[in-house]
Amino acid sequence: MTRKLSTKITKMVNKLFPVRSIKESLSQKHCYLCKQTIYEALPICNDCKADLPWNTLACTICALPMKISSDTGICGNCLCNEPIYSQCISAFSYTFPINALISDFKYNKQRHFGKLMSKMLAIKIEKEIKKNELQKPDLLMPVPIHINRFDTRGFNQSEDICIDLSKYLNIAIDRHSLQRTIHTPSQTALTKQERQKNLHQAFNIQKKLNGEVIALVDDVITTGATIECLSTLLLNAGAKEVVVWSLARTPLGQ
Ligand SMILES: [Zn+2]
Ligand SMILES: [Zn+2]
(Lines give C-alpha, C1' and ligand atoms only; values in the text may rest on other atoms or scores of the structure.)
(Ligands and ions follow the chains in the order given, each with its own letter.)
Protein backbone atom coordinates (compact mmCIF):
# COMPACT_ATOMS: atom_id res chain seq x y z
CA MET A 1 0.00 0.00 0.00
CA THR A 2 2.84 2.43 1.01
CA ARG A 3 4.73 1.51 -2.15
CA LYS A 4 1.73 2.11 -4.35
CA LEU A 5 1.21 5.49 -2.73
CA SER A 6 4.85 6.59 -3.22
CA THR A 7 4.71 5.55 -6.90
CA LYS A 8 1.56 7.61 -7.29
CA ILE A 9 3.19 10.64 -5.62
CA THR A 10 6.33 10.34 -7.78
CA LYS A 11 4.17 10.24 -10.93
CA MET A 12 2.26 13.33 -9.77
CA VAL A 13 5.48 15.24 -8.99
CA ASN A 14 6.98 14.32 -12.38
CA LYS A 15 3.83 15.49 -14.07
CA LEU A 16 3.76 18.77 -12.17
CA PHE A 17 7.52 19.47 -12.45
CA PRO A 18 8.91 17.89 -15.61
CA VAL A 19 12.74 17.86 -15.73
CA ARG A 20 12.84 20.47 -18.48
CA SER A 21 10.99 23.07 -16.46
CA ILE A 22 13.24 22.49 -13.43
CA LYS A 23 16.29 22.91 -15.63
CA GLU A 24 14.82 26.02 -17.17
CA SER A 25 14.00 27.57 -13.82
CA LEU A 26 17.61 26.95 -12.75
CA SER A 27 19.07 28.64 -15.82
CA GLN A 28 16.50 31.44 -15.87
CA LYS A 29 18.12 34.87 -15.70
CA HIS A 30 17.29 38.49 -16.35
CA CYS A 31 19.24 40.37 -18.98
CA TYR A 32 21.44 42.93 -17.16
CA LEU A 33 20.60 45.56 -19.75
CA CYS A 34 16.94 45.20 -20.77
CA LYS A 35 15.81 43.07 -17.76
CA GLN A 36 13.82 40.58 -19.87
CA THR A 37 13.76 36.94 -18.72
CA ILE A 38 16.27 34.81 -20.60
CA TYR A 39 17.66 31.26 -20.57
CA GLU A 40 21.19 31.99 -21.78
CA ALA A 41 24.55 30.97 -20.31
CA LEU A 42 25.48 34.63 -19.80
CA PRO A 43 23.14 37.18 -18.16
CA ILE A 44 22.59 39.18 -21.34
CA CYS A 45 20.00 38.62 -24.09
CA ASN A 46 21.08 38.04 -27.68
CA ASP A 47 19.68 41.39 -28.88
CA CYS A 48 21.53 43.42 -26.24
CA LYS A 49 24.69 41.39 -26.87
CA ALA A 50 24.50 42.14 -30.60
CA ASP A 51 24.02 45.86 -29.86
CA LEU A 52 27.18 46.15 -27.74
CA PRO A 53 30.06 48.17 -29.26
CA TRP A 54 32.19 45.11 -30.12
CA ASN A 55 35.69 46.19 -31.13
CA THR A 56 35.58 44.35 -34.43
CA LEU A 57 37.15 46.98 -36.69
CA ALA A 58 40.36 47.64 -34.78
CA CYS A 59 44.12 47.93 -35.23
CA THR A 60 45.55 44.40 -35.25
CA ILE A 61 48.45 45.49 -33.03
CA CYS A 62 47.12 47.97 -30.43
CA ALA A 63 43.34 47.27 -30.78
CA LEU A 64 42.56 50.95 -31.35
CA PRO A 65 38.97 51.14 -32.69
CA MET A 66 39.04 52.29 -36.33
CA LYS A 67 36.27 53.93 -38.36
CA ILE A 68 37.32 52.47 -41.69
CA SER A 69 39.31 49.36 -42.50
CA SER A 70 42.86 49.91 -43.71
CA ASP A 71 44.83 47.65 -46.07
CA THR A 72 47.41 46.90 -43.41
CA GLY A 73 44.92 46.56 -40.54
CA ILE A 74 47.33 48.72 -38.55
CA CYS A 75 46.58 52.19 -37.17
CA GLY A 76 48.66 55.31 -37.89
CA ASN A 77 50.17 55.30 -34.38
CA CYS A 78 51.49 51.76 -34.73
CA LEU A 79 52.77 52.41 -38.26
CA CYS A 80 54.89 55.33 -36.93
CA ASN A 81 55.79 53.89 -33.59
CA GLU A 82 55.19 50.19 -32.99
CA PRO A 83 54.29 49.42 -29.35
CA ILE A 84 56.65 47.50 -27.11
CA TYR A 85 53.99 44.83 -26.38
CA SER A 86 53.31 42.44 -29.23
CA GLN A 87 49.52 42.62 -29.40
CA CYS A 88 46.51 44.01 -27.59
CA ILE A 89 43.06 42.39 -27.57
CA SER A 90 40.18 44.57 -26.35
CA ALA A 91 36.67 43.17 -26.54
CA PHE A 92 34.85 46.50 -26.79
CA SER A 93 35.17 50.06 -27.94
CA TYR A 94 34.87 52.26 -24.84
CA THR A 95 31.52 53.79 -25.77
CA PHE A 96 27.93 53.47 -24.46
CA PRO A 97 26.78 51.21 -22.79
CA ILE A 98 30.20 49.62 -22.10
CA ASN A 99 31.56 52.86 -20.55
CA ALA A 100 28.55 52.96 -18.19
CA LEU A 101 28.93 49.27 -17.26
CA ILE A 102 32.67 49.69 -16.57
CA SER A 103 32.00 52.79 -14.49
CA ASP A 104 29.39 50.91 -12.41
CA PHE A 105 31.80 47.97 -12.07
CA LYS A 106 34.64 50.18 -10.80
CA TYR A 107 32.97 52.96 -8.83
CA ASN A 108 29.63 51.49 -7.72
CA LYS A 109 30.91 48.03 -6.79
CA GLN A 110 28.75 46.35 -9.47
CA ARG A 111 31.23 43.52 -9.77
CA HIS A 112 28.75 41.26 -11.61
CA PHE A 113 29.04 43.65 -14.59
CA GLY A 114 32.79 43.04 -14.52
CA LYS A 115 32.19 39.29 -14.52
CA LEU A 116 29.90 39.48 -17.54
CA MET A 117 32.35 41.61 -19.58
CA SER A 118 35.31 39.44 -18.51
CA LYS A 119 33.55 36.30 -19.75
CA MET A 120 32.80 37.95 -23.09
CA LEU A 121 36.47 39.03 -23.30
CA ALA A 122 37.60 35.46 -22.47
CA ILE A 123 35.46 34.05 -25.29
CA LYS A 124 36.96 36.57 -27.75
CA ILE A 125 40.54 35.79 -26.60
CA GLU A 126 39.96 32.04 -26.91
CA LYS A 127 38.70 32.51 -30.49
CA GLU A 128 41.70 34.74 -31.40
CA ILE A 129 44.19 32.25 -29.93
CA LYS A 130 42.65 29.42 -31.98
CA LYS A 131 42.20 31.44 -35.19
CA ASN A 132 45.70 32.96 -35.24
CA GLU A 133 47.47 30.03 -33.54
CA LEU A 134 48.82 32.36 -30.85
CA GLN A 135 50.93 31.13 -27.98
CA LYS A 136 48.88 30.97 -24.80
CA PRO A 137 50.51 33.24 -22.17
CA ASP A 138 52.18 31.62 -19.14
CA LEU A 139 50.90 34.18 -16.67
CA LEU A 140 48.21 36.81 -16.25
CA MET A 141 49.25 40.01 -14.48
CA PRO A 142 46.72 42.70 -13.51
CA VAL A 143 47.69 46.35 -13.97
CA PRO A 144 48.27 47.28 -10.33
CA ILE A 145 46.50 50.11 -8.51
CA HIS A 146 47.98 52.09 -5.64
CA ILE A 147 47.24 50.81 -2.12
CA ASN A 148 45.28 54.02 -1.30
CA ARG A 149 42.99 53.43 -4.24
CA PHE A 150 42.65 49.76 -3.30
CA ASP A 151 41.61 50.81 0.22
CA THR A 152 38.95 53.22 -1.08
CA ARG A 153 37.58 50.94 -3.78
CA GLY A 154 37.99 47.66 -1.93
CA PHE A 155 39.24 45.78 -4.97
CA ASN A 156 41.40 46.09 -8.05
CA GLN A 157 39.14 45.80 -11.09
CA SER A 158 41.98 44.31 -13.18
CA GLU A 159 42.42 41.51 -10.63
CA ASP A 160 38.71 40.73 -10.88
CA ILE A 161 39.06 40.45 -14.66
CA CYS A 162 42.14 38.21 -14.25
CA ILE A 163 40.21 35.83 -11.96
CA ASP A 164 37.55 35.25 -14.63
CA LEU A 165 40.05 35.00 -17.49
CA SER A 166 42.11 32.55 -15.43
CA LYS A 167 39.09 30.29 -14.81
CA TYR A 168 37.97 30.31 -18.41
CA LEU A 169 41.37 30.14 -20.16
CA ASN A 170 43.19 28.11 -17.51
CA ILE A 171 46.15 30.48 -17.06
CA ALA A 172 47.73 31.19 -13.66
CA ILE A 173 47.63 34.69 -12.14
CA ASP A 174 50.55 36.55 -10.61
CA ARG A 175 48.90 39.39 -8.72
CA HIS A 176 51.79 40.56 -6.55
CA SER A 177 54.91 40.98 -8.69
CA LEU A 178 53.85 44.22 -10.35
CA GLN A 179 53.29 47.05 -7.91
CA ARG A 180 52.19 50.65 -8.09
CA THR A 181 54.21 52.51 -5.52
CA ILE A 182 53.25 56.09 -6.36
CA HIS A 183 49.72 57.38 -6.70
CA THR A 184 49.42 59.55 -9.84
CA PRO A 185 45.93 61.11 -9.59
CA SER A 186 45.47 63.24 -12.70
CA GLN A 187 47.98 63.49 -15.49
CA THR A 188 45.89 65.35 -18.03
CA ALA A 189 47.62 68.73 -17.50
CA LEU A 190 51.06 67.23 -18.14
CA THR A 191 53.00 66.83 -21.38
CA LYS A 192 53.49 63.34 -22.83
CA GLN A 193 57.13 63.28 -21.66
CA GLU A 194 56.17 64.38 -18.13
CA ARG A 195 53.43 61.73 -17.99
CA GLN A 196 55.85 59.00 -19.11
CA LYS A 197 58.45 60.05 -16.53
CA ASN A 198 55.83 59.98 -13.77
CA LEU A 199 54.60 56.56 -14.85
CA HIS A 200 58.07 55.02 -14.95
CA GLN A 201 58.57 56.12 -11.36
CA ALA A 202 55.12 54.89 -10.30
CA PHE A 203 55.59 51.14 -10.94
CA ASN A 204 58.07 48.48 -10.00
CA ILE A 205 58.43 44.71 -10.35
CA GLN A 206 59.32 42.40 -7.49
CA LYS A 207 60.73 39.39 -9.30
CA LYS A 208 62.99 38.21 -12.10
CA LEU A 209 61.23 36.60 -15.01
CA ASN A 210 62.58 33.75 -17.07
CA GLY A 211 61.36 33.98 -20.64
CA GLU A 212 57.63 33.84 -19.85
CA VAL A 213 54.90 35.22 -22.10
CA ILE A 214 52.91 37.62 -19.92
CA ALA A 215 49.35 38.79 -20.51
CA LEU A 216 48.95 42.21 -18.93
CA VAL A 217 45.29 42.73 -17.99
CA ASP A 218 43.46 46.07 -17.64
CA ASP A 219 39.88 47.32 -17.70
CA VAL A 220 40.26 50.18 -20.19
CA ILE A 221 43.22 51.20 -22.35
CA THR A 222 43.17 54.91 -23.15
CA THR A 223 46.47 56.44 -24.31
CA GLY A 224 48.38 53.19 -23.90
CA ALA A 225 51.07 54.96 -21.81
CA THR A 226 50.55 52.72 -18.75
CA ILE A 227 50.72 49.45 -20.68
CA GLU A 228 53.78 50.66 -22.63
CA CYS A 229 55.50 51.47 -19.35
CA LEU A 230 54.56 48.13 -17.72
CA SER A 231 55.55 46.16 -20.83
CA THR A 232 59.02 47.77 -20.72
CA LEU A 233 59.30 46.84 -17.05
CA LEU A 234 58.29 43.22 -17.74
CA LEU A 235 60.62 42.80 -20.72
CA ASN A 236 63.52 44.31 -18.76
CA ALA A 237 62.75 41.87 -15.93
CA GLY A 238 63.16 38.91 -18.32
CA ALA A 239 59.75 38.33 -19.97
CA LYS A 240 59.97 36.90 -23.49
CA GLU A 241 56.87 38.68 -24.70
CA VAL A 242 54.03 40.84 -23.40
CA VAL A 243 50.49 40.78 -24.72
CA VAL A 244 47.75 43.07 -23.42
CA TRP A 245 44.12 42.09 -22.78
CA SER A 246 41.48 44.62 -21.81
CA LEU A 247 37.72 44.87 -21.62
CA ALA A 248 37.71 48.04 -23.70
CA ARG A 249 39.84 50.44 -25.75
CA THR A 250 39.08 54.15 -26.03
CA PRO A 251 38.61 55.41 -29.61
CA LEU A 252 40.69 58.42 -30.70
CA GLY A 253 39.25 61.83 -29.83
CA GLN A 254 37.50 60.77 -26.60
ZN1 LIG B 1 18.68 42.46 -23.13
ZN1 LIG C 1 47.60 50.44 -33.50
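Predicted model: local features only at pLDDT ≥ 70, side-chain atom pairs only at ≥ 80, totals over all residues.
Me: Which residues are the protein donors of the zinc ion (ligand 1), and what is the geometry of the site?
Reply: The donors of the zinc ion (ligand 1) are the SG atoms of Cys31, Cys34, Cys45 and Cys48, lying 2.3 Å from the ion. Among these 4 donor atoms the angles run from 100 to 117°. Four donors count as tetrahedral if all angles lie between 85 and 135 degrees, and the site of the zinc ion (ligand 1) is accordingly tetrahedral.

Me: How many residues apart in sequence are the parts that cysteine 31 and cysteine 45 tie together?
Reply: The donor residues of the zinc ion (ligand 1) follow the spacing C-x2-C-x10-C-x2-C in sequence. Cysteine 31 belongs to the loop between strand 1 (29-30) and strand 2 (37-38), while cysteine 45 belongs to the loop between strand 2 and helix 3 (46-51), so the parts tied together by this pair are separated in sequence by 14 residues.

Me: Is cysteine 45 buried or exposed?
Reply: Buried means under 20% relative accessible area. Cysteine 45 has a relative accessible area of 2%, and therefore falls in the class called buried.

Me: Which element gives the most residues to the largest nonpolar core?
Reply: The largest nonpolar core has 36 residues, of which Ile98, Met117, Ile125, Leu140, Leu165 and Trp245 touch the most other members. Two or more residues come from each of strand 3 (87-93), helix 5 (98-107), helix 6 (111-131), helix 8, strand 8 (213-221) and strand 9 (241-249). With 8 residues, the element that gives the most to this core is helix 6.

Me: How far apart in space are leucine 169 and isoleucine 123?
Reply: Leucine 169 has its place in helix 8 (residues 157-169), and at 5% relative accessibility this residue counts as buried. Beyond its neighbours within four places in sequence, leucine 169 is in contact with Ala122, Ile125, Glu126, Lys136 and Trp245. Leucine 169 and isoleucine 123 are 46 residues apart in sequence, and their C-alpha to C-alpha distance is 8.7 Å.

Me: Where is the proline found whose peptide bond from phenylalanine 96 is cis?
Reply: Most residues other than glycine have a negative phi, and most peptide bonds are trans. The bond from phenylalanine 96 to proline 97, however, is cis, with omega near 0°. Proline 97 is found in the loop between strand 3 and helix 5.

Me: What is the phi of lysine 109, and what is that of lysine 35?
Reply: Lysine 109 is found in the loop between helix 5 and helix 6 and counts as exposed at 52% relative accessibility. Lysine 35 lies in the loop between strand 1 and strand 2, and is likewise exposed, with a relative accessible area of 56%. Neither residue is a glycine, yet phi is positive, at about 55° for lysine 109 and near 70° for lysine 35.

Me: Which class of aromatic pair do tyrosine 32 and phenylalanine 113 form?
Reply: The count of aromatic pairs comes to 3. The ring centres of tyrosine 32 and phenylalanine 113 are 5.5 Å apart and the planes meet at 70°; since planes over 60 degrees apart count as edge-to-face, the pair is therefore edge-to-face.

Me: Which residue lies over the face of phenylalanine 155?
Reply: Phenylalanine 155, which counts as buried at 3% relative accessibility, forms a tilted aromatic pair with phenylalanine 105, at 5.9 Å centre to centre and 35° between the planes. Phenylalanine 105 lies in helix 5 and phenylalanine 155 in the loop between helix 7 (147-153) and helix 8, so the pair ties together parts 50 residues apart in sequence. At 4.2 Å from the ring centre of phenylalanine 155, the residue over its face is arginine 111.

Notes. Residues numbered from 1 in each chain as written. Chains lettered and ligands numbered in written order. Heavy atoms only, no water. Donors = N, O, S within 2.8 Å, 3.2 Å for Na, K, Ca; no water. Tetrahedral: all angles 85-135°; square planar, octahedral: opposite > 155°, others 65-115°. Helix = DSSP H or I, 4+ residues; strand = E, 2+ residues; numbered from the N terminus. Buried < 20%, exposed > 50% of the residue type's maximum accessible area, 1.4 Å probe, protein only. Contact = heavy atoms within 4.5 Å. Core = buried A, V, L, I, M, F, W, Y, C linked by side-chain atoms within 4.5 Å. Phe/Tyr/Trp six-rings, centres within 6.5 Å; stacked < 30°, edge-to-face > 60°. Lys NZ or Arg CZ within 6 Å of the ring centre and 35° of its normal.
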